[in-house]
Amino acid sequence: MTSLPPQTLGLDSACSTQEQLHEQAMVVRNQVFGQKVFVRGVLEVSNFCRENCHYCGMRRDNRSLERYRLSLDSLRSLIRNGIPEIITDLNIQTGEDVVGVREIVLPLIDLIRQETKLGISVCLGTLDPKIYDELKQAGASYYIIKLETGNRDHYEEINAPGTFNERLEAIQYLARTGWAVSSGFILGLPGQTNEHIEETLELLGELPLTGASVSPFIAGEKTPFAGNPTGNVEATINCIARMRLRNPSYIIPAVSALNLVSNDGYTRALKAGANLATINLTPSSNRSNYLLYKRDRFIMDENRVRKAIEDANCTVSTQSIAQTWAHFQNGKAPA
């Protein structure tokens, strides 16, 4: 790897090269988690969304998108017959779709809790606090709610969900009521500056989080940001490493978008301190309509996840994120 200016790659001032940064982050990750990587499955159960974010293909003004909500019968069959053995957690994901939460997500959580021992996380956007409480009572314990940017003005410029204050208040409420909370941001969004990135990293470190992510920006089809350049993969991976060094016990995912911008981006993220891989379990007939950016998605299946973990000299965790978080709450190291 070449040594490029810190402002280009987001290097920490204590590390002058990428090799140093990634090596230190990997060492810290291994000290806390060993070389273990969590593997979760993701179910994208609805692509309806009431928001109109400039960066997301599922924005409500995208009239070309075929909207769907998966049936409970199909999800029941998948839960009973389609979960790879290496998965310890399931993440249920939707656009901001209150109807989908009521009709699909809540009964699905109940089904998962009754029929499996999997940890349950959800990524459903900003909701009424009463719904957060219902989701937790049903059996979910980990809530993923992205900031996308930590700069208040930039948040408005990209038309991110609701308001910046609402997002922060949601994170605080979730953490206060017993959820493990993960957030994150997109690197390379139009209008984003190096100062915005530093501000975002600082804010994520101050919030009551148990995990965080960083994804490279990929211009979404049918969005106001279509045609803008892709986020810098080197800076993205360096930010993963920096988050690990600042927050040793974080759950930090390697995101599938990394493989759209770099052939080895996913594995490099694991080598730079990430400790979560995700297998997409959404039925193939619906995946292209869960349009975060492009229809031509890079789907991480079990074989690809196993290979990435092996190539990063890591092993698959047999303990769920929920179990690990409980260990940390009790002041213990993960088993």
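Trainee: What is the mean pLDDT of the protein chain?

Mentor: The general idea is that pLDDT gives the predictor's confidence in each residue, from 0 to 100. Here the chain has a mean of 92, and 93% of its residues reach 70 or more. Residues 1-8 have a pLDDT below 50, and this stretch has 13 contacts in the model beyond near neighbours in sequence; a contact means heavy atoms within 4.5 Å. Where pLDDT is low, the predicted coordinates should not be read in detail.

Trainee: Let's take Thr 126. Is it buried or exposed?

Mentor: Buried means under 20% relative accessible area, exposed over 50%, and partly exposed in between, using a 1.4 Å probe and protein chains only. Thr 126 counts as buried because its relative accessible area is 17%. It is found in the loop between β3 (119-123) and α5 (129-138). Those element names follow DSSP runs, with helices (H or I) of at least four residues and strands (E) of at least two, numbered from the N terminus.

Trainee: Which side chain does the side chain of Thr 126 make a polar contact with?

Mentor: A polar contact is a pair of N or O atoms within 3.5 Å; within protein, one must be able to donate a hydrogen and the other to accept it, and residues adjacent in sequence count only if both atoms are side-chain atoms. For Thr 126 the partner is the side chain of Arg 167, at 2.6 Å. Leaving aside neighbours within four places in sequence, the contacts of Thr 126 include Arg 50, Glu 96, Tyr 132 and Ala 170.

Trainee: Where does the side chain of Arg 67 find backbone oxygen?

Mentor: A polar atom of that side chain lies 2.6 Å from the backbone oxygen of Asn 47, and the backbone oxygen of Arg 59 lies 2.9 Å from a polar atom of the Arg 67 side chain. Arg 67 sits in the loop between β1 (36-46) and α3 (72-81), and it is partly exposed because its relative accessibility is 23%.

Trainee: Which backbone nitrogen lies 3.1 Å from a polar side-chain atom of Asp 97?

Mentor: That of Gly 100. Asp 97 lies in the loop between β2 (89-94) and α4 (98-115), and is buried at 4% relative accessibility. Not counting residues up to four places away in sequence, Asp 97 touches Ser 46, Phe 48 and Arg 69. Ser 46 is 51 residues from Asp 97 along the chain, yet their C-alpha atoms are separated by 7.4 Å.

Trainee: How many cavities of 30 Å³ or more does a search of the whole structure find?

Mentor: Rolling a probe the size of a water molecule over the atoms shows where empty space is left. On a 1 Å grid over the protein atoms alone, a cavity is a set of points where a 1.4 Å probe fits but cannot get out; lining residues have an atom within 4 Å of a point. Points are joined across faces, edges and corners, and a volume is the space filled by probe spheres set on them. The search finds two such cavities.

Trainee: What lines the second largest cavity?

Mentor: That cavity has a volume of about 40 Å³, and its lining includes Asp 89, Gly 119, Tyr 142 and Ala 322. β3 supplies the largest share, three residues, while β3 and α14 (321-329) each supply at least two.

Definitions and conventions
Residues numbered from 1 in each chain as written. Predicted model: local features only at pLDDT ≥ 70, side-chain atom pairs only at ≥ 80, totals over all residues. Heavy atoms only, no water. 1 Å grid on protein atoms, 1.4 Å probe; cavity = no way out; pocket = protein on both sides within 12 Å on 5 of 7 lines; lining within 4 Å.
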